[in-house]
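Hi,

Here is the model I promised to pass on.

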Amino acid sequence: MDKNKLKKIKIGIVFLVIIAIAFCANKVWAYFSTYCEAKGSQRISIGTARPVVEKRNANNNIYIAIRNDGDADCYARIKIFANSKVQLIDNNSTKWNKSSDGYWYYTDVLSAGSRTSEIQIPYTQTNASDDIFSNIVIINEATRVLYNGQTPSANWESFIY
């Protein structure tokens, strides 16, 4: 074989190898460069529950309700602490259930913009001239409603307020 023919064969083989690499490189490049670009922004809001305690005192009874001023549904619970001058008396309620952890749980979902029914808690006080709300502390907490299928539920491990 003469040198010219051998040179043409080598150039042809190199050219075919370059073409084969070019076809493979395109697929490899696509694999390693998969990404997405976007411009601008869009705010995403999943809503927030904002529970607010409403309380009043009348005839040795504390009346407590929770109002949801937020824009998301939630479950609500309260806990009441009293000093030694006040004795709280447990009261049965149809919408509020007292649990062994000391919290009163509202049984219904508290929709955005709505209010719970009042819970009435009777008390006795050693000094009737004291303001009852200076002798007790009301803690309210709320957690988002979890919708698992059709049944709403609460996760009190991740309460929001």
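Predicted model: local features only at pLDDT ≥ 70, side-chain atom pairs only at ≥ 80, totals over all residues.

Numbering runs from 1 along each chain as its sequence is written, and side-chain values use heavy atoms, with hydrogens and water left out.

One of the pairs is Tyr-103 with Tyr-105, tilted, at 6.1 Å centre to centre and 55° between the planes. Tyr-105 also pairs with Trp-156, this time edge-to-face, with 5.6 Å between centres and 75° between planes. Tyr-105 belongs to strand 6 (104-106) and Trp-156 to the segment after strand 9 (151-154), so this pair ties together parts 51 residues apart in sequence. (Strands here are DSSP runs of E, at least two residues, numbered from the N terminus.) Ring pairs thus join Tyr-103, Tyr-105 and Trp-156 into a cluster.

How accessible are they? Tyr-103 counts as buried at 12% relative accessibility, Tyr-105 is buried at 18%, and Trp-156 is buried at 18% (buried is under 20% relative accessible area, exposed over 50%, partly exposed in between, with a 1.4 Å probe and protein chains only).

**Charges over rings**

Arg-77 has its charged end over the ring of Tyr-103, 3.9 Å from the centre. Likewise, the charged end of Arg-56 sits over the Tyr-63 ring, at 4.1 Å from its centre. The cut-offs are NZ of Lys or CZ of Arg within 6 Å of the ring centre and within 35 degrees of the ring normal.

Four strands make an open sheet in the order 1-2-7-4, with antiparallel pairing (two strands pair if DSSP finds at least two bridges between them). Its edges are strand 1 (51-58) and strand 4 (86-88), each pairing on one side only. Strand 1 pairs with strand 2 (61-68) over eight bridges, in the antiparallel sense. Within that strand 2, Ala-65 is the bridge partner of Glu-54.

**A loop residue**

Ser-84 sits in the loop between strand 3 (74-82) and strand 4. Ser-84 is exposed, at a relative accessible area of 73%. Ser-84 and Ile-136 are 52 residues apart in sequence, and 9.7 Å apart in space, C-alpha to C-alpha.

Cheers

Definitions and conventions
Phe/Tyr/Trp six-rings, centres within 6.5 Å; stacked < 30°, edge-to-face > 60°.
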